[in-house]
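Got a structure to walk through, one question at a time. Have a look at it first, then we'll dig in.

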Amino acid sequence: AGAAADEIVDPRPYAELLRQWSSFHPEFLTLPRKFKIAVIASETDRAAMKLHDIGIKMVRNAAGEIGAQFYVGGGMGRTPMIAPMIREFVPLDQLITYSEACLRVYNRYGRRDNKYKARIKILVHELGKDEYTRQVEEEFAHLLSLGIEPPIAELERIIPYFADPAFETGLSDDLDLSDPDFRLWVERNCHAHKQTGYVIATVSLKPVGGIPGDASADQIRLMAQLAKDYSFDELRVTHAQNIVFPHVKKADLYTVWQQLDEAELGTANLDTVGDIIACPGLDYCSLANARSIPVAQKISQRFGTAERQAELGELKLKISGCINACGHHHAGHIGILGVDRKGIENYQLLLGGSEGADTSLGQITGPGFSEDGIVDAVEKATQVYLSNREGDERFLDT
Ligand code: SF4
């Protein structure tokens, strides 16, 4: 956010406005269950927007005005659902009022008799998208007459808090890619920046055979120093368990990569089979049915070589140790779910999930597998992909 070349606007001020609206909001204190909101502002969805209670996509209408597209009723966990779009365009000066209407209908009719059916996704599903939308629109019309929207001056007050850092201008976009390892890392781990001469660089915390998302104290100190020296003192943690330097000058990128690489932080595997999301699982979590981390490590080792990762291309693999889905297994191109079979750890394989612009939910495939069996099952799924894909089709599309 605030860095990607494909954003129509920086989504953070809108997220901050929503945060201020929701913090200490009396209705949020009495909702049937927890509530999560995601805001994006580009076609590429990097926030699993449609898998949130409210997903908001900042868009432009035909007149070029910025507004919000509303998706309500998504989520993962034991009843995964993709949020349907309920409003194509809400003007900026009605953003909070429309959010309030979505919330009020939920607060009024969301189920409180069964905590497994209390999330807004169940209400939207049970009422149906059309009836939920009708009720929201009715409530929205009522709320508009009450004038609850904060003045647009409040949004304008927030925007400067997310001002761009002092980018240098007139920089070249050229990058010396003569070092093949650096080239691979740039191709895999870097994304286009909105400012000429800058790039968004992602540090993969997924070395071959490592624990996904782990970093040593020394590695964390190094990343903090690099952020200070080369990314306007800013780094971010992603939901995919990696670290992003949002604003790196292309002229500095080789130096940054060399230092990362020396510290074993230069793995070039973003969005490939080695870039696994794994929840803590039975190693740490008291709710778990099965371990996630050793499975992730075995898969990472099996598919560890650069050649295998290149052969398979984009392949997002996500592992959860139980149905709560903290590892987002429903949204993995390959998802793995740990289950308990008569006291023995067992794993289900899901295929075809995605949390991007093409959000879909993975389908359970085949019987459960043992810890080693699930690694073989992933191998089998990739073999089927390689022998059936057409052209450079992605795993997900095949
Ligand atoms: S998915 Fe289950 S096992 Fe994994 S962290 Fe969440 S609650 Fe724990």
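A disulfide here is a pair of cysteine sulfur atoms within 2.5 Å. Keep in mind that this is a predicted model.

Q: How many disulfides does the count come to by this rule?
A: To score, a pair of cysteine sulfurs has to lie within 2.5 Å. Going by that rule, the number of disulfides is zero.

Q: Is Cys 102 buried or exposed?
A: The cut-off for buried is under 20% relative accessible area. Cys 102 comes in at 0%, so it's buried.

Q: And Cys 326, buried or exposed?
A: Anything over 50% relative accessible area is exposed. Cys 326 has 59% relative accessibility, so it goes down as exposed.

Q: What kind of aromatic pair do Tyr 98 and Phe 140 form?
A: A search of the whole structure turns up 13 aromatic pairs. For Tyr 98 and Phe 140, the centre-to-centre distance is 4.9 Å and the planes are 75° apart. Planes over 60 degrees apart get one particular label, so this pair is edge-to-face.

Q: How many residues apart in sequence are the parts that the Tyr 98 and Phe 140 pair ties together?
A: Tyr 98 lies in helix H2 (residues 95-109), while Phe 140 belongs to helix H4 (residues 129-146). Tyr 98 is buried at 0% relative accessibility, and Phe 140 is buried at 4%.

Q: What about the rings of Phe 182 and Tyr 254: which kind of pair is that?
A: Their centres are 4.9 Å apart, with the planes at 80°, so the pair is edge-to-face.

Q: Which helices do Phe 182 and Tyr 254 sit in?
A: This pair links distant parts of the chain, 72 residues apart. Phe 182 is buried, at 1% relative accessible area, whereas Tyr 254 is partly exposed at 31%. Phe 182 is in helix H6 (residues 180-189) and Tyr 254 in helix H8 (residues 250-262).

Q: Which ring does the charged end of Arg 78 sit over?
A: The charged end of Arg 78 lies 4.2 Å from the ring's centre. The ring in question belongs to Tyr 116.

Q: How many residues of the shell around the ligand are charged, by class?
A: The residues around the ligand include Cys 279, Pro 280, Leu 287, Ser 320 and Asn 324. By class, eight are nonpolar and four are polar. For charged residues the shell has none.

Q: Which element gives the most to the largest nonpolar core?
A: That core has 36 residues, and Ile 56, Met 58, Phe 70, Cys 102 and Tyr 132 touch the most other members. Elements that each supply at least two residues include helix H1 (12-22), strand S2 (54-60) and strand S3 (66-72). With eight residues, the top contributor is H2.

Q: How far apart in space are Arg 112 and Leu 31, C-alpha to C-alpha?
A: Arg 112 is in the loop between H2 and H3, and at 48% relative accessibility it counts as partly exposed. Along the sequence, Arg 112 and Leu 31 are 81 residues apart. In space, their C-alpha separation is 8.9 Å.

Q: What separates the C-alpha atoms of His 52 and Arg 78?
A: His 52 lies in the loop between strand S1 (37-40) and S2, and is buried at 17% relative accessible area. His 52 and Arg 78 are 26 residues apart along the chain. Their C-alpha atoms are separated by 14 Å.

Terms used:
Residues numbered from 1 in each chain as written. Predicted model: local features only at pLDDT ≥ 70, side-chain atom pairs only at ≥ 80, totals over all residues. Heavy atoms only, no water. Buried < 20%, exposed > 50% of the residue type's maximum accessible area, 1.4 Å probe, protein only. Phe/Tyr/Trp six-rings, centres within 6.5 Å; stacked < 30°, edge-to-face > 60°. Helix = DSSP H or I, 4+ residues; strand = E, 2+ residues; numbered from the N terminus. Lys NZ or Arg CZ within 6 Å of the ring centre and 35° of its normal. Near = heavy atom within 4 Å. Nonpolar A, V, L, I, M, F, W, Y, C, P; charged D, E, K, R; others polar. Core = buried A, V, L, I, M, F, W, Y, C linked by side-chain atoms within 4.5 Å.
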